[in-house]
Amino acid sequence: MELLEQFIEESFKDLPKGLKTHISTVVEIARELAETHSADASEVYLASKGHDICRLTPPEVLLELATEFSVPISDVDRGIPMLLHGPVGANILAQHMDSFNHSIYDAVYWHTTGNYDLDDVGKIVFLADKLEPYKINKRPELQYVHDLAFQDLENAVLAFFEIQFEFLKTQN
């Protein structure tokens, strides 16, 4: 994983301050969750540090790269190409892995939308991305999910989706 870590660290240097702050916060939350749930600390670190590697990629480039990587593109993805930054980022990171690591790949791929079969590394990165203090300050109902995440990852993911679906209904 040395090659992957080196690539992530180099890529991180070029990011704007706000995104670096977000990623650093996600890394710290993910580290705490990994420790609590005895998840692989190295995998959690690399996935959380690399999760937004393509977050600032322009929409047209995300669509082009998704096509190049054979990532399925839905109508929703075409309308909101930013949703592809996880799948595209996962494929870019995979190119820098000494040997393919499914946990890291899936955690980065699904960190925005989630997926029914994420392992603990994937659940941790998904939740850490959603539960940074800035987001909880904007949406205090997420504090419940944050607290639950330190007890039960599976139920925390489900609770996030329940809260998110209710929130989206109010937003039409």
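Close-up 1. The model is a predicted one, in which local features need pLDDT of at least 70 and side-chain atom pairs count only at pLDDT 80 or more, while totals for chains, interfaces and linings use all residues. Residues are numbered from 1 along each chain as its sequence is written, and side-chain values use heavy atoms, with hydrogens and water left out. Ser-38 belongs to the loop between helix 2 and helix 3 (41-50); helices here are DSSP runs (H or I) of at least four residues, numbered from the N terminus. Although Ser-38 is not a glycine, its phi is positive, about 55°. Most residues other than glycine have a negative phi.

**Close-up 2. Ser-70, in the loop after helix 4.** Ser-70 follows helix 4 and lies in the loop that runs between helix 4 and helix 5 (75-79). The phi of Ser-70 is near 60°, which is a positive value in a residue other than glycine. With a relative accessibility of 62%, Ser-70 counts as exposed.

Close-up 3. In helix 4 (residues 59-68), the buried residues are Leu-62, Leu-65 and Ala-66. Seen down the axis of helix 4, these buried residues fall within an arc of 105°, so they line one face of the helix, the arc being that of the directions from the helix axis to the C-beta atoms. On the other side of helix 4, the exposed residues are Glu-60, Glu-64, Thr-67 and Glu-68. Helix 6 (85-94) is included in what covers the buried residues of helix 4.

**Close-up 4. Helix 4 against helix 6.** Helix 4 and helix 6 pack with their axes 9 Å apart and at an angle of about 55°, where axes are lines fitted to C-alpha atoms, for helices over the stretch in contact, and angles between N-to-C directions run from 0 to 180 degrees. The two helices, helix 4 and helix 6, are therefore oblique to each other; angles under 35 degrees count as roughly parallel, over 145 as roughly antiparallel, 65 to 115 as roughly perpendicular and the rest as oblique. Leu-62, Leu-65 and Ala-66 of helix 4 meet His-85, Val-88 and Ile-92 of helix 6, contact meaning heavy atoms within 4.5 Å.

**Close-up 5. Helix 2 against helix 8.** The axes of helix 2 (residues 17-37) and helix 8 (residues 120-130) cross at roughly 130° and come within 8 Å, and that angle makes helix 2 oblique to helix 8. The contact is made by His-22, Val-26, Ile-29, Ala-30, Leu-33 and Ala-34 of helix 2, together with Ile-124, Leu-127, Ala-128 and Asp-129 of helix 8. Glu-32 is also found in helix 2, and its relative accessibility of 31% makes Glu-32 count as partly exposed. Between Glu-32 and Ala-128, which are 96 residues apart along the chain, the C-alpha atoms are separated by 9.4 Å.

**Close-up 6. Lys-13 of helix 1.** Lys-13 has its place in helix 1 (residues 2-13) and counts as exposed at 52% relative accessibility. Lys-13 and Asp-40 are 27 residues apart in sequence, and their C-alpha atoms are 25 Å apart in space.

How values were computed:
Buried means under 20% relative accessible area, exposed over 50%, partly exposed in between (1.4 Å probe, protein chains only).
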